[in-house]
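We will go from the whole chain to single residues, one selection at a time.

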Amino acid sequence: MKSNGQSRSAAASWGIALACTACFATPFAAPLRARAAEVESHRVAAALSRDGSSVRGVVRARVRLGADERRIALWVFADRLAAAPTVDEISFRWVWPSEVDLGGTQVSEVRLDGRAAPHRWVASPATRAQAGRDVVVDLPAAGSERRVEIEVGFELRLPNRYGRLARAQSDVVVLAAPWYPVVLRAPGAREPLAYTTHSVALSTFDGWTVIGPGGVGVHRVVASAPFVPFVAMREPVVRRSPRGATWVGVSRPDERPPVPPLGELTGSTALSPSELPDPFGIDHAGLTLSAADDALTTLEVLEVPTGHARGPVMVEVPMRAELVTAAPGLVLVSDAAFDVFPLEQLREFHARAVRQAVMRWATDALAARLDPPASRGISAEVRAAALVDLDYARRSARAQSVEDLVGFASFHPTIDQLLYAPQVQFPDVYFGSAGVRDPFRDDPDRARDGAPPGRYVLERLRDVLPERAFGRAARRLATGRGSMEHIVRAAGGDDAVAALREVVRRVPSLNYRLGALRSEPIGAGRWRHTIEVLRDGDRDVVEPVEVAVEDADGRTTTGRWTGRGARGVVTVESGAELEDVTIDPRGRLAQDPEAARSHPRYDDATSWPWRPPVFQSFQIALSPGDLGFDLLLDVVLRRRYELGRSIGITGTLGSAAATVAARHTWFFGSTADLNRMQGLFGISVDGARTFGEYSASSESSWIAGAGVFLGWDTRRYFFDMREGWSVLGSVRGALAFDDDGDRRPLAFASVRASRVTPIGWRHVLLLVGGGAATLGDGGGTELAGLSGRRGLRGYEAGELLGDASLYAVAEYRFTLAGGLAWNVAHLAWVRAIQLAAFGGAGLIFGDRGDRSLEGPLAFDAGGGLRIHFDYGGVQPGVLALDLAVPLSRQDACERGSDGECVRNRLPVGFWVSFDQFY
């Protein structure tokens, strides 16, 4: 085995000569750590296996123990990944490219001062989902302080997954979380990792290049950090920016250089097709380095002492839950970065995430030099958040929200879903969530203590400090003018420090809602408005809350509740009667959907505006045999954040009929997502014009009807559902006015149910069943049917009609390929390919003229292709292609009223749609 580049990273880049921990033992550290062992150093010698699937090594740690300390604990971060996260359908796409792979770590031997020592695995201090398990070594009684050396042999099997600790591609290994056991200062405590001296060496076989803090080919690093990360690649590509940032990624031979600016397209040199610019190419490295240089320029202008001798090393790795993140000394960039439609505003979201990660890289050394060990991680994040704000101020850039960007197009169903219940990768990038959401357990920064992100802490400081004092404090934090506690105390005194300690402890689970409102005249043309604010969830929280009060004259006054307790009252005065009230008008508070019965924002205001009309569904179905067609448009209206009710309008146009229906729907039960509840009940009215098609005996008619419907649906992520069930039933009455003057009363009933069951991570079984019935003298489109896109797909629409029908369909779906990133003209990125096989059976009752069956039974079978993609790289969608064979058709002719064959039906049914069959 050979080492890959026997070089030592520059010690100056990591500030090894840091002041001793005791010099920074301020009161701020007290609530963040328990008095326990002092971890002085870690020394790690490890080797990556030839195929990159595992790492084997030894950790030696020196620990200073107190007289009464009887045990040492080591955190095994990889154990956090040893249980599948409960994030349902999106897991296989955002975490695992194929089957579930949990990896794991084995501890082979533990020695204490050179002697074998027994050890045991214990549960984490919080939950296993949050912190994993610890390895605990019991110590003999000593009676005095002493130093010990603990030696641990370990073997890490890297899971085949996306993320910070993974190997999702054969040519990239990511060790950007604590990949070796790390000694804890306080066994059993919820606390952040200690910043200690780590001396780590990773050796590899030939063919692997190691990227570590300090650069490419640096396989041995000495640093003061929570841990030392590495990334190993085969044949990496390296690019550098004018300001010293380094980008390292894997060669993409299928991508040619992107189109250069027009000014560079000069000269007459002939190029071969392989040398021509790719109009659909994306310069991932160039866009990433450009964003990094923006951040480095801001750091230079503000004279921020980063403590790094070199610029940031930015490594492109396979991540799907995080777009960009900072590991100690490295910036990790997802290989899906900038895979969006080449619109400047869309790319700005990704560039902003890159700049924020560079700021975090820069503030590590600041926090290590200025803050006590227990608060260095959160301090670095707060300073980085302040730098991001100053960066925007320097560049005069508007912090555009995704609502600003796509609000004009929110009538599109995928855009509406993006805004209100995003199923998009990297949601924090687009929506700036301040809460802690780590469903895939990748984030080591808050895995032990649940501490909030720096942005959340900075926003809470904005609440507790006067406006000017906050501005000064934020700039001092960003430029390294003292420890975080010292700066906060100078700005707001001891009360501000106490509030800071409360904020960094955790992100609470809260929901705010309006209580009683009162508006009364107080004379001289003035009114006093009293607003009650209620808080659900965690009660031991102090969080100031803004309340915007609008009066009848359109003037808005903002009041403030101190945020103590579960109830507060805000009183403001204005020149007119109360018109509207909104809690948290700037949307800065983190509200938890689990603490609310509906969308957590809906109960924050007396009224919300109506959303633009949303296309719930838009479908086009073609029947190649008779050149028939069917168009469907379904539009929904509802207020912003309202899940309890909606108004819908559906219009259809086809060769057989045209219909318009309006419905009012009320929703109830559990929240399926932030765009929908599971239960629904509604009423509808409709009108239709039939054209006498589908049956030789039917007449053209006008039909008016009304009905009710009731349903329940637990499924989520409709583009690729993996589990859940649904049922929907309806009854409807109608009156038909035939062109020949007859009037016919009609009644209709239908029910449809489905069940989706996973039979493997890449395998899904769908069962659908239902039935329909028509009472009265119905004909044509008024009858119950079996065929079509939502029934037996082997038969043409309108081929199987009767007084009643029953059917059952089974569909098996297999994900052939996942984790794809195929760029289709920048309009879509193909993410997965899915195959489907299905079969159906049905019964049709009643003889209605032209029939292709001898008896009541109908069968079909077929297969399909599902292409899963992201619209513009942002919001998921699916293209479904189905081909089916009618197995029970006895007569291939469509016959007219005289019994003569009008045409031959196609031997197969073919359907194209932009949704799944369910």
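Accessible areas here come from the Shrake-Rupley method with a 1.4 Å probe. On that basis, the surface of the chain comes to about 38000 Å², and carbon and sulfur atoms account for 56% of that area. Please keep in mind throughout that this is a predicted model.

**Stop 1: the whole chain**

Start with everything selected and coloured by secondary structure. The chain holds 11 helices and 46 strands. Of its 918 residues, 53% count as buried. If you take the contacts between residues at least 6 apart in sequence, 67% of them join residues at least 24 apart.

**Stop 2: a mixed sheet**

Now select 54-65 and 146-157, which are strands β2 and β8. The two run antiparallel to each other and pair over 12 bridges.

Seven strands make up an open sheet with mixed pairing, and you can follow them in the order β5-β4-β8-β2-β1-β12-β15. The edges are β5 (115-116) and β15 (220-225); each has a single partner strand, so one side of each is left without a neighbour in the sheet.

**Stop 3: an antiparallel sheet**

Select 209-212 and 230-233 to bring up β13 and β16. These strands pair in the antiparallel sense over three bridges. Look for Ile211, which stands opposite Val231 in β16.

Zooming out again, you will find five strands in an open, antiparallel sheet, ordered β9-β10-β16-β13-β14. At its edges stand β9 (165-169) and β14 (215-216), and because each has a single partner strand, one side of each lacks a neighbour in the sheet.

**Stop 4: helix α5**

Select 376-395 for helix α5, which has 20 residues. From the first C-alpha to the last, α5 reaches 28 Å, close to the 28 Å expected at 1.5 Å a residue. Is this helix mostly covered or mostly uncovered? Mostly covered: 15 of the 20 residues in α5 are buried. As you look down the axis, remember that an α-helix has 3.6 residues a turn, so residues three or four places apart point the same way.

**Stop 5: the nonpolar cores**

Show side chains for Val324, Val358 and Tyr430. These have the most contacts inside the largest nonpolar core, a set of 68 residues. Several helices each supply at least two residues of this core, among them α3 (284-301), α5, α9 (454-464) and α11 (484-505), and strand β21 (330-334) does as well. Which element gives the largest share? That is α4, with 12 residues.

For the other core, select Ala73, Leu81, Val182 and Ala223. They belong to a second, separate core of 36 residues.

**Stop 6: two loop residues with positive phi**

Go to the loop between β29 (628-637) and β30 (645-654), where Tyr641 lies. The phi of Tyr641 is near 70°, a positive value in a residue other than glycine. Tyr641 is buried, at a relative accessible area of 11%.

Finally, move to the loop between β40 (822-824) and β41 (828-845) and pick out His826. Here too the residue is not a glycine and phi is positive, near 65°. Is His826 buried or exposed? With 8% relative accessibility, His826 counts as buried, because the cut-off is under 20%.

Key. Residues numbered from 1 in each chain as written. Predicted model: local features only at pLDDT ≥ 70, side-chain atom pairs only at ≥ 80, totals over all residues. Heavy atoms only, no water. Pairing = 2+ DSSP bridges. Helix = DSSP H or I, 4+ residues; strand = E, 2+ residues; numbered from the N terminus. Expected span 1.5 Å × (residues − 1). Buried < 20%, exposed > 50% of the residue type's maximum accessible area, 1.4 Å probe, protein only. Core = buried A, V, L, I, M, F, W, Y, C linked by side-chain atoms within 4.5 Å. Contact = heavy atoms within 4.5 Å.
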